[in-house]
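I opened this entry to look up how one chain folds. My notes follow the order in which I checked things.

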Amino acid sequence: MKKIIYALFLIVSTYCFALREVDGVLYRQYVNSRFGFSLEYPAEILFMQPPPENNDGREFLSPDEETSMLIFGTYSLLLINDEIDDSNLLKNVENNYYYTLYNDYGNANVTYKVLKESKGLYIISGIINDKIFYKRVQLVANSEPYFMVFEIEYPIIDKDIYNKIVETVVKSIEI
C-alpha cells in the first residue's frame with residue numbers, strides 16, 4: 001500500500017507541481033521510478049516520449065524531431081565478450097569512455113572531453129553532422145550500482161537556445 005501511495009505521489013508531483021521557470025523557459029521535473037534519478041526538462045520545447053517497456057529512462061523530442069534528449073539508467077555500459085564486468089565498475093566507465101570517444105564520436109569534432117575515473121564520470125561534447133552533442137555518464141554506486149546516462153543532440157543553428165538549456169538540465173540532475 002505504501003508503494004502505491006508513493007508512486008501516486010511521484011506521478012502527481014511530477015506532472016502537477018514540479019514546474020519552474022529559468023530564463024523564460026518552463027521546466028518540468030521527470031523522475032525515473034526504476035532507478036530514482038531525476039532532472040528538469042524544458043516542457044514547452046522538448047516533449048517526453050512514452051516510456052520503454054523496462055522503464056529505464058525517457059526520450060524527449062522537439063516537435064520537428066531535430067533535437068533529441070535521453071536520460072536512462074543501465075547496469076552495464078560495455079559488454080566485453082558478451083559478459084557484464086561488475087568486478088571493477090570504475091574500469092567499466094573508463095573503457096566505455098574510450099570506446100565512445102573513438103567509436104561513436106571518432107568522426108566528430110570533439111570540443112570537450114573529461115574522464116574522472118575516481119568519480120565514475122565522463123563527459124564528451126562536440127559537433128557531428130551539423131549537430132552539437134553532449135553525453136554525460138555517471139556511475140551511481142549504491143546498493144545496486146548502475147550508470148546514469150544523459151545525452152542531447154541539437155542543430156548547431158539552435159545553439160543559443162540549447163546551450164543554456166543543457167546547462168540548466170545538467171545542473172538539475174539528481175541521483
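How many helices and strands does the protein have? I found three helices and 10 strands; helices (H or I, at least four residues) and strands (E, at least two) are DSSP runs, numbered from the N terminus. The model is predicted, so I noted that local features need pLDDT of at least 70, that side-chain atom pairs count only at pLDDT 80 or more, and that totals for chains, interfaces and linings use all residues. Residues are numbered from 1 along each chain as its sequence is written, and side-chain values use heavy atoms, with hydrogens and water left out.

**Overall layout**

I read the pattern along the sequence as α-β-β-β-β-β-β-α-β-β-β-β-α. Of the 175 residues, 45% count as buried; buried means under 20% relative accessible area, exposed over 50%, and partly exposed in between, with a 1.4 Å probe and protein chains only. I also looked up contacts, meaning heavy atoms within 4.5 Å. Among contacts between residues at least 6 apart in sequence, 41% join residues at least 24 apart.

**The sheet**

In what order do the seven strands of the open sheet stand? The order is 4-5-6-10-9-8-7, and the pairing is antiparallel. Two strands pair if DSSP finds at least two bridges between them. Strand 4 (47–48) and strand 7 (109–116) are at the edges with a single partner strand each, so one side of each has no neighbour in the sheet.

I then went through the bridges. Strand 5 (residues 57–61) is joined to strand 6 by five bridges, and the two run antiparallel. Phe60 stands opposite Met69 in strand 6, and Arg58 stands opposite Ile71 in strand 6. The hairpin of strand 5 and strand 6 has six residues between the strands, and Glu65 there takes a positive phi near 60 degrees. Strand 6 is in turn joined to strand 10 by seven bridges, also antiparallel. Ile71 has Phe150 as its bridge partner in strand 10.

For the angles, axes are lines fitted to C-alpha atoms, for helices over the stretch in contact, and angles run from 0 to 180 degrees between N-to-C directions. Helix 3 touches strand 6, strand 9 and strand 10, and its direction makes about 165 degrees with that of strand 10.

**The cores**

Which residues have the most contacts inside the largest nonpolar core? They are Leu39, Met69, Phe150 and Ile152, in a core of 31 residues. A nonpolar core is a set of buried Ala, Val, Leu, Ile, Met, Phe, Trp, Tyr and Cys residues joined through side-chain atoms within 4.5 Å. The elements that give two or more residues to this core include strand 3 (38–42), strand 6 (68–74), strand 10 (146–155) and helix 3. A second, separate core of 14 residues includes Tyr105, Ile128, Phe133 and Phe147. Back at Phe150, I listed what it touches beyond four places in sequence; among these residues are Leu39, Met69, Ile71, Tyr134 and Val169.

**Aromatic pairs**

I counted 12 aromatic pairs. Rings of Phe, Tyr and Trp (its six-membered ring) pair if their centres lie within 6.5 Å; planes under 30 degrees apart count as stacked, over 60 as edge-to-face and the rest as tilted. Phe35 and Tyr75 form a tilted pair, 5.4 Å centre to centre with 55 degrees between the planes. Phe35 lies in the loop between strand 2 and strand 3 and Tyr75 in the loop between strand 6 and helix 2 (89–104), so the pair ties together parts 40 residues apart in sequence. Phe35 counts as buried at 11% relative accessibility, and Tyr75 as partly exposed at 30%. Tyr134 and Phe150 form an edge-to-face pair, 6.1 Å centre to centre with 65 degrees between the planes. Tyr134 is in strand 9 and Phe150 in strand 10, 16 residues apart. Both Tyr134 and Phe150 are buried.

**Two single residues**

Is Ser38 buried or exposed? Ser38, in strand 3, is buried, with a relative accessible area of 6%. Its side chain makes a polar contact of 3.5 Å with that of Gln29; a polar contact is a pair of N or O atoms within 3.5 Å, and within protein one must be able to donate a hydrogen and the other to accept it, while residues adjacent in sequence count only if both atoms are side-chain atoms.

Lys171 lies in helix 3 (residues 159–172) and is exposed, with a relative accessible area of 64%. Lys171 and Leu39 are 132 residues apart in sequence and 8.4 Å apart in space, C-alpha to C-alpha.
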